[in-house]
Amino acid sequence: MNAVAWSKEELVAADSEFVIHSWSKQGGLNARPIKGAEGSWFWDYDGNRFLDFQSQLVNSNLGHQHPKLVQAIKDQADTMCYIGPGFAEEQRARLAQKLAEITPGDLKMSFFTTGGAAANENAIRLARHVTGRNKIVARYRSYHGATAGAIALTGDPRRWHAEPSMPGVVRMLDPYTYRCPAGHPSPCPVCSGGPHLEEILQFEDPYSVAAVILEPVTGTNGLIYPGENYLRSIREVCNKYGIILIFDEVMAGFGRTGELFACDHWGVTPDILITAKGLNSGYVPLGAMTVSSKISDWLQDNKFWGGLTYAGHPLACASAVASLEIMEEEGVVDNARRQGERLGAGLAELAKRHPSIGDIRGRGLFYGLELVRNRDTREPLVPFNAVGEAAKPMQEINKAAMAKGLYLASNFNVLRLTPPLVINDEEIDLALETLDEVLDIADVHYDT
Ligand code: PLP
């Protein structure tokens with residue numbers, strides 16, 4: 001420990017002069033100095049407390065400073081902080097074994113990384129090696145991480161600033177039924193998945209495609225839930241052409257949607273499952289790539305061309321083992337489901353009072369509130385990729401919520417409601433009360 005803790009002023013001065021913050025112009029950023037966090041709350045140096053309705057970056061699923069999780073890290077630090085990935089280490093092996101048990105279908109062996117992007121990088125490289133093919137199909141409304149390959153897979157505008165990027169990515173549209181790119185006749189060929197993919201493959205050569213990667217439930221880019229048959233139809237097309245199906249559950253995995261994995265809602269198993277965030281609630285950086293028995297078998301005779309100094313870091317793996325135990329002991333997935341119902345019911349009530357709520361999408365504690373200027377035209381409250389003045393209404397909502405002690409996030413015109421999975425009734429009700437107040441800001445822009 002530092003002998004003398006910094007004052008708020010010392011922290012702010014050093015942070016603004018020396019720390020580069022993500023996705024931001026650094027001048028005038030004024031990052032809020034945070035002193036502590038516990039459960040679903042965190043607080044600043046002035047004693048202001050905030051209900052963390054984002055779970056930070058949708059990763060603090062077990063809330064902040066869970067005592068058992070903190071203890072597991074301390075215990076592992078006492079035992080062995082680090083040993084190279086080439087050795088067999090107990091926490092790493094325990095975690096891999098546990099993942100083989102709890103992940104769907106025949107998913108079996110795991111490679112551990114330092115986060116979601118690195119896990120996605122390894123997944124596409126492995127898919128290319130296994131199939132001997134090059135192309136990867138990825139969707140527009142997606143985020144897969146900020147490293148070179150992962151940002152190339154990403155469809156959202158953050159990719160633009162990394163271009164020209166990794167070649168071989170082919171883009172597919174999204175099952176965004178609220179704003180269907182095909183005008184949404186039913187059954188829509190885009191929203192139903194398989195037919196749209198099949199069409200793309202005909203033009204790309206299906207036998208040149210190594211993998212399809214998608215978030216079973218789109219997170220950052222708008223909380224988009226697929227229709228009932230979507231994932232199954234994508235699975236069938238992949239099977240038909242020997243294409244590897246990768247599900248990126250970095251955000252949606254580990255109980256977030258009220259099932260252990262989002263794909264469990266539809267009973268569809270990928271060939272490669274990517275997880276991170278909720279795997280250990282972000283207490284130590286960790287991501288995982290878990291592959292099917294077929295790929296595990298392939299790896300017996302073929303080299304895995306991937307590696308990281310911190311692959312399967314013991315502190316991270318120990319925290320994930322503890323995290324999975326806590327989830328079982330405390331019925332965390334059940335709580336996510338139960339509180340999700342409470343949140344969903346509360347949001348439906350809010351929609352009666354706030355015309356700006358155009359669409360409510362969610363299961364478990366993975367909700368999106370799509371705000372519009374008119375329910376009939378569905379004109380978004382702020383346009384796609386809005387900046388400056390155009391982005392203001394959403395910024396004002398987030399700011400007003402923060403001033404009232406509710407930490408929210410948004411992506412363009414969609415408010416993301418993703419609290420810790422350990423949240424309780426009172427905290428959900430408190431958030432709903434604050435939302436009720438700040439949604440007036442959106443209603444002002446409603447075009448009657
Ligand atoms: N995939 C998804 C679906 C994500 O939401 C994220 C991060 O938000 C990532 C990948 C990247 O994970 P990381 O930031 O740990 O590299």
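Residues are numbered from 1 along each chain as its sequence is written. Because the model is predicted, local features need pLDDT of at least 70 and side-chain atom pairs count only at pLDDT 80 or more, whereas totals for chains, interfaces and linings use all residues.

The protein chain is divided into domain 1 (32-65 + 331-443) and domain 2 (68-329), with bounds that come from an automatic or database domain assignment. The centres of the two domains, taken over C-alpha atoms, are separated by 26 Å. Across the boundary, 28 residues of domain 1 are in contact with 28 residues of domain 2 (contact: C-beta atoms, placed from the backbone, within 7 Å). On the side of domain 1 that touches domain 2, at least two residues each are supplied by helix 2 (55-58), helix 11 (332-353), strand 11 (357-363), strand 12 (366-371) and strand 15 (414-417); helices (H or I, at least four residues) and strands (E, at least two) are DSSP runs, numbered from the N terminus. Helix 11 provides the largest share of this side, five residues. By class, this side of domain 1 comprises 10 nonpolar, 11 polar and seven charged residues (nonpolar: Ala, Val, Leu, Ile, Met, Phe, Trp, Tyr, Cys and Pro; charged: Asp, Glu, Lys and Arg; polar: the others, Gly among them).

An open sheet of mixed pairing is formed by four strands in the order 1-2-3-13, where two strands pair if DSSP finds at least two bridges between them. Strand 1 (34-38) and strand 13 (406-407) each have a single partner strand and stand at the edges, so one side of each is left without a neighbour in the sheet. Strand 1 pairs with strand 2 (residues 41-44) in the antiparallel sense over four bridges, and Gly 36 stands opposite Trp 43 in strand 2.

Helix 5 (residues 116-131) contains 16 residues and reaches 22 Å from its first C-alpha to its last, close to the 22 Å expected at 1.5 Å a residue; the expected span is 1.5 Å times one less than the number of residues. Of its 16 residues, 12 are buried, so helix 5 is largely enclosed by the rest of the structure (buried: 20 or more other C-beta atoms within 10 Å of the residue's own, with C-beta atoms placed from the backbone). Among the buried residues are Asn 120, Glu 121 and Asn 122. Helix 5 is followed by Gly 132, whose phi is positive, near 70°.

Conventions
Contact = placed C-beta atoms within 7 Å.
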